[in-house]
Amino acid sequence: HFLHCYFSLLPFCVCLLLPNLAAPASNPTAATAPPLHLPPTAAAMKPSSPTAAVGTALHLVKTPNFVKFAAVALLSLSVALLFYHHPSFPSAAFSAFTFASNSSPTAVPANSTSTALNSTSIAANTTSTILKVKKLPPPPPSVAQRTGIVDENGAMTEDFDVGEFDPSLMEELRDLKGGAEETEKRNEPEIVKYGKFKPCDESKIDYIPCLDSFERHCPDSTLVCIIPMPNGYQKSLPWPRSRDELWLHNVPDTRLVQDQGSQYSMSVKDDKISFQDGGSDQYLNLVSQMVPEIDFGHQTRIALDIGSGIGSFAASLFKYNVVTLSIGTKDVHKNQIQFALERGLPAMVAGFGARRLPYASQAFDLIRCSGSGIDLTVDNGVLLLEVNRLLRAGRYFVWGGPQVDSNHERSLEDQWKEMEDLAARICWQLVKKEGNVGIWCKPLNNSCYLGREIGAQPPLCSSSEDPDNVWYVNMTACITPLPKDGNGGNVSVWPARLHSPPDRLQSIKMDAMISRKELMKAESRYWNEIIGSYVRAFHWKEQNFRNVLDMRAGFGGFAAALNDLELTSWVMNVVPVNGFNTLPVIYDRGLLGVMHDWCEPFDTYPRSYDLIHAAGLFSDERKRCNFSTILLEMDRMLRPGGTVYIRDTLAVIGEIHDVASAMGWVVMVHDTSEGPHASWKFLACEKRMP
């Protein structure tokens, strides 16, 4: 209220002062009147009368100097109050100032002298300068900073700015594309320092993390310790000696030898377990005589033995150049698969239950199930239908056991009839039955399936169901139809099929469309050169690698090179789940393979492999898995005295080196053939015997 009253009276005060400033005397003659001269003594004396004193005071107030002083004091007080109460300069106050400064309430008298006019003009200009406040013009628009390597003239320059990245723009772009991809972290992960890993408890000597008796169930927590080796463990015997005997203490649980040694034709002698033939050679001769078209070593290259025991069937087939994968469940008292692996035979722990086995469709040229106690006809025959998915078109299934020759026991005869009936309904042809052996042949095409009656059971699987989708996929009680083009059943004979690009190469899902055959051949040439240099530089043939694991197999070029260079090794080719599914091609080439996720443990016993190979694996898995998880699993699978070769990029090789050293491996870094400045290195690691 004070300010409002003050600024309202201010213009009137200015109007009263300006006329006095312009004309000091109201009388026209006052300008020419002689100045008043008082005697020296009169200045200090009181006026002689009150009238004279008042006149003198009025005369002093009307002088120009007094008027100027009063105007300046009044305006200074106004400005001070304005700053104190309104630091932001209200627009109303500015308007009041401008209005007051531009107004001229009193005209200058026409008869004023030039001196008076000049003084009036100066005073008016001074007053106008003080009172008039103008708004500042708006600031000029800011010029955007140039970014990029091109200057304002369009020429490339070395002095440039890349600008700042706005993460929200990437979010908008992802929204436009549908936002299906996960947002990748731009920042590199923090460098982790690894201390020395401690040994696990003694109870973990034979630990398989993800398997119970029949199904795969991984624990919530991963292994963070080193699996200890058994007391008295020795380096495995070289092949083919290991086929016939192994060190007693390399298998911690030997109750199988004590309880069923005679059944499996094995015995303990001194510090070794020895294996006899047990009639496997006679069995193979019988099968070959029953169906000569089986043709071991040519038409039949890859076989599967379900519930195989200790691998005697696979050991005999190696003489015919046939690679047989033995699978069995994990059992507390029957660690048969561990015996097979220690003998140097291809084997895996596999639960034959509700889920598909992790192998390709039409993978095996021959499948055998003999004396395993597995009932293949239960649950609408879902287990036999899984065997049908795995069996190559036109190839053979061998079933053995007392139920085949069931002339005396009614229960066994019923099992045979159920099997015979189900096999007929899925269009298998019974080729031969003799003694305890029955052999069926799978059809080459879908003509039998399509010719069945409407509503026949089991039905055909849906055309949308991928028979090669096997990771954590449940079995279905349906018949897997065969490809219309005959792919899978038209492979070449061994060994020509190893380097002949199969027809199924064109049907797998991958980026390349027309250059797939060239890619497969180029991969084989590449690994032949690499493995050839390993054989020469690291003396691989003298190291007697037998059980080999390739953790990222591609088309199987690494395994093909080992075969070409005549190393006495078998290779388990692993196709990671996050890559292209090349598993059908691997089997069509006559090689073994399995699908797996390396963020989880592998289905095998500890100390299974002599050599583990990983090329480009860690670069692919770095966004999904912890490196220590993968490497600790590699250590679990690797035998003491075993070797690991890792080829990968410089971005990951340092962390791999640190983890491997923390596990106690002896690690050596080598340049690749591209030279010391290449973006890839390879590590040669040894898990030395203590």
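## Strand pairing

Two strands are said to pair if DSSP finds at least two bridges between them. In this predicted model, strand β4 is joined to strand β5, residues 272-275, by 4 bridges. These two strands run antiparallel.

The pairing belongs to an open sheet of 3 strands, in the order β3-β5-β4, with antiparallel pairing. The edge strands are β3, at 245-247, and β4, at 266-269, and each of them pairs on one side only. From one strand to the next, the twist averages 25°.

## Aromatic pairs

A pair of aromatic rings is described by the distance of the centres and the angle of the planes. The structure holds 25 aromatic pairs, and two of them are described here.

Phe-397 lies in strand β10, residues 391-400, and Trp-440 lies in strand β12, residues 437-441, so the pair ties together parts that are 43 residues apart in sequence. Residues under 20% relative accessible area count as buried. Phe-397, with a relative accessible area of 0%, is buried, and Trp-440, at 2% relative accessibility, counts as buried.

The other pair consists of Trp-527 and Phe-558. Their ring centres are 5.8 Å apart and their planes are at 90°, so the pair is edge-to-face. Trp-527 is in helix α15, residues 516-538, and Phe-558 is in helix α17, residues 557-564; the pair links distant parts of the chain, 31 residues apart. Trp-527 and Phe-558 are both buried.

## An aromatic cluster

Aromatic residues also occur as a group. One aromatic cluster is formed by Tyr-534, Phe-538, Trp-540, Phe-545, Tyr-645 and Phe-682.

## Charged residues over rings

Two tryptophan rings have a charged residue over the face. Lys-433 lies over the face of Trp-416, at 4.1 Å from the ring centre. Arg-546 lies over the face of Trp-239, and here the distance from the ring centre is 3.5 Å.

Notes: Residues numbered from 1 in each chain as written. Predicted model: local features only at pLDDT ≥ 70, side-chain atom pairs only at ≥ 80, totals over all residues. Heavy atoms only, no water. Axes fitted to C-alpha atoms, helices over the stretch in contact; angles between N-to-C directions. Phe/Tyr/Trp six-rings, centres within 6.5 Å; stacked < 30°, edge-to-face > 60°. Buried < 20%, exposed > 50% of the residue type's maximum accessible area, 1.4 Å probe, protein only. Lys NZ or Arg CZ within 6 Å of the ring centre and 35° of its normal.
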